[in-house]
Every structure is written in C-alpha cells, then in structure tokens.
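Student: I have a model open and would like to learn how to read its features. Can we go through them in turn?

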Amino acid sequence: MNQCTGLLFLPPPDHVARLATPDRPMEAGYVLCELGEGHEGYHAGALWDDDANDGAVWARWDGDGRCLAGLPWCPATTGGGDACGLFAGHPAGHSWEVVDPTQEAILACLEQERPYPHRRQDGAG
C-alpha cells in the first residue's frame, strides 16, 4: 500500500524559538504521515526515538488539532526479524507494507541510469 500523503506544518515551540540567533535561526519543518493511505484516525510521523521508554515521540494530527505523543514501538516483526517502524496499535499495514511512492520513483530512475545501485556488482548481497 502507498504511504499516506498527510502533511503537518510544525513551527518550533516558542520556548525553543527564543533560543534562535541570527546565525542559527529556528525554522519550521514539515512532518509526513508514515501510515498507509486510507488509514483511520490521526495522521502520525515519528519525530525522535525515546530509547529510555523503548518507543518514539510522534506528531499526531487531524483536521482539528495536533499533539505530541510518546508511544511504544509496534512489536510486530517480519519473518526475517525486521521490526515494524510504527507505533504499537497503529492502523493500516506495518511499515514494511507501506511504500513511499516518491522514494520508489527515485529508485526506479536511478536503476535506469545505473542498474541495481543498491546491489553489489559481483551479484552478492
């Protein structure tokens, strides 16, 4: 499934913005939803890992508001042992099922110019 196209404009909080200097301005950023398209409920994008609590801090938003939430990681893993990169209880598919169409388009273009740039030339790996 394709990745959701939800987008959040996230200005720095006032207490952080006050730390800005002319040579180090604070800039707003954008957070992309990491869930699969067509999900229900809030959009969600991870902001940073929270290793002390075995989770991450997520920006969550919908048409009415936004918040930051510390959420544990999803416990699901693939048959190969790769962990899901989303939060526990997330809607839609696991992270390995969600495809970023922009990233896929870039990889397809790169492979046309240089076949298999992510694979070793000797065929291994």
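Tutor: Keep in mind that this is a predicted model. We can start with empty space. Rolling a probe the size of a water molecule over the atoms shows where empty space is left. Here the largest pocket holds about 380 Å³ of space.

Student: Which residues are closest to the centre of the largest pocket?

Tutor: Leu 10, Pro 11, Pro 12, Pro 13 and Leu 47 are the closest to its centre, out of 17 residues that line the largest pocket.

Student: Next, the aromatic side chains. How many aromatic pairs does a search of the whole structure find?

Tutor: The search finds three aromatic pairs. To read a pair, look at the distance between ring centres and the angle between planes; planes over 60 degrees apart count as edge-to-face, under 30 as stacked, and the rest as tilted. Phe 9 and Tyr 30 have ring centres 5.3 Å apart and planes at 55°, so this pair is tilted. The pair links distant parts of the chain, with Phe 9 in strand 1 and Tyr 30 in strand 2, 21 residues apart.

Student: Are Phe 9 and Tyr 30 buried or exposed?

Tutor: Relative accessible area decides that: under 20% is buried, over 50% is exposed, and in between is partly exposed. Phe 9, at 43%, is partly exposed, whereas Tyr 30, at 58%, is exposed.

Student: What kind of pair do Trp 58 and Phe 87 form?

Tutor: Their ring centres are 5.2 Å apart and their planes lie at 75°, so the pair is edge-to-face. Trp 58 belongs to strand 4 (residues 55-61) and Phe 87 to the loop between strand 5 and helix 2 (101-113); the two are 29 residues apart. Both are buried: Trp 58 has a relative accessible area of 0%, and Phe 87 has 4%. Ring pairs also link Trp 58, Trp 73 and Phe 87 into a cluster.

Student: And helix 2: what span should its 13 residues have?

Tutor: At 1.5 Å a residue, they should span 18 Å; the end C-alpha atoms of helix 2 are 19 Å apart, which agrees.

Student: Which residue caps the N-terminal end of helix 2?

Tutor: Asp 100 does, with a side-chain oxygen 3.0 Å from the backbone nitrogen of Thr 102.

Terms used. Residues are numbered from 1 along each chain as its sequence is written. This is a predicted model: local features need pLDDT of at least 70, side-chain atom pairs count only at pLDDT 80 or more; totals for chains, interfaces and linings use all residues. Side-chain values use heavy atoms; hydrogens and water are left out. On a 1 Å grid over the protein atoms alone, a cavity is a set of points where a 1.4 Å probe fits but cannot get out, and a pocket is an open set with protein on both sides within 12 Å along at least five of seven lines; lining residues have an atom within 4 Å of a point. Grid points are joined across faces, edges and corners, and a volume is the space filled by probe spheres set on the points. Rings of Phe, Tyr and Trp (its six-membered ring) pair if their centres lie within 6.5 Å; planes under 30 degrees apart count as stacked, over 60 as edge-to-face and the rest as tilted. Helices (H or I, at least four residues) and strands (E, at least two) are DSSP runs, numbered from the N terminus. Buried means under 20% relative accessible area, exposed over 50%, partly exposed in between (1.4 Å probe, protein chains only). The expected span of a helix is 1.5 Å times one less than its number of residues. A polar contact is a pair of N or O atoms within 3.5 Å; within protein, one must be able to donate a hydrogen and the other to accept it, and residues adjacent in sequence count only if both atoms are side-chain atoms.
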